[in-house]
Amino acid sequence: MSGKGDLAKLDVGVLTADQQEKLRQFKIKTRINNEKYLGSHPEVEVLIGDFLRDVLLKRPADIRDFAADHFTNPDLHVLIGSKMEGNME
């Protein structure tokens, strides 16, 4: 299995001009689609912001366990919903 260091060895110059243009268009289209999705789902920003705030305040020793507990909280949707309503006021 290749490591992260292998990514640095990628040479975009090996792509043909047509492949480079297709890659550029793909990146643009992906970025636009991501922006549209995030724009239509403001709860994602609240969800991530809430998680980061908790991480920085609590500084858990095991971030993976903390994240698992955070995102599997059965009341998470209620918490995020109330924060969304608070942002709208």
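The model is predicted: local features are reported only at pLDDT of at least 70, side-chain atom pairs count only at pLDDT 80 or more, and totals for chains, interfaces and linings use all residues. Residues are numbered from 1 along each chain as its sequence is written, and side-chain values use heavy atoms, with hydrogens and water left out.

The protein chain holds four helices and zero strands. From the N terminus, its elements run α-α-α-α. Helices (H or I, at least four residues) and strands (E, at least two) are DSSP runs, numbered from the N terminus. Of the 89 residues, 12% count as buried. Buried means under 20% relative accessible area, exposed means over 50%, and partly exposed lies in between (1.4 Å probe, protein chains only). The chain exposes about 7700 Å². Carbon and sulfur atoms supply 60% of that area. Accessible areas come from the Shrake-Rupley method with a 1.4 Å probe; for residues, only the protein chains shown count as cover. Contacts were also sorted by sequence separation. Among those between residues at least 6 apart in sequence, 44% join residues at least 24 apart. A contact here means heavy atoms within 4.5 Å.

Salt bridges come next. Side chains of opposite charge can pair when their charged atoms come close. A salt bridge is a side-chain nitrogen of Lys or Arg within 4 Å of a carboxyl oxygen of Asp or Glu. A search of the whole structure finds six.

Helix H1 spans residues 17-40 and contains both Asp-18 and Lys-22. These two residues form a salt bridge, with the closest N and O atoms 3.4 Å apart. They sit four residues apart, about one turn of the helix. Asp-18 is partly exposed, at 48% relative accessibility. Lys-22 is exposed, at 55%. Glu-21 and Arg-24 also pair through their side chains, at 3.0 Å from N to O. This pair lies in H1 too, three residues apart, so about one helical turn separates Glu-21 from Arg-24. Glu-21 is partly exposed, with a relative accessible area of 35%. Arg-24 is likewise partly exposed, at 42%.

Another salt bridge joins two helices. Lys-83 pairs with Asp-50, the closest N and O atoms being 2.2 Å apart. Lys-83 belongs to helix H4 (residues 76-88) and Asp-50 to helix H2 (residues 43-58), so the pair ties together parts that are 33 residues apart in sequence. Asp-50 counts as buried, at 3% relative accessibility. Lys-83 counts as partly exposed, at 25%. Both residues are part of a network of salt bridges that also links Arg-53 and Asp-54.

Helix H3 covers residues 63-71, and its residues Phe-66, Ala-67 and His-70 are buried. Seen down the H3 axis, the buried residues fall within an arc of 95°, so they line one face of the helix. The arc is that of the directions from the helix axis to the C-beta atoms. The face turned away from this buried side carries the exposed residues Arg-64 and Asp-69. Asp-62 caps the N-terminal end of H3. One of its side-chain oxygens lies 3.1 Å from the backbone nitrogen of Arg-64. A polar contact is a pair of N or O atoms within 3.5 Å; within protein, one must be able to donate a hydrogen and the other to accept it, and residues adjacent in sequence count only if both atoms are side-chain atoms.

His-70, in H3, is buried at 9% relative accessibility. Leaving aside neighbours within four places in sequence, His-70 is in contact with Asp-50, Phe-51, Asp-54 and Leu-76. Not counting residues up to four places away in sequence, Ile-63 touches Phe-51 and Val-55.

The loop between H2 and H3 contains Arg-59. Phi of Arg-59 is near 45°, a positive value in a residue other than glycine. Arg-59 is exposed, with a relative accessible area of 64%.
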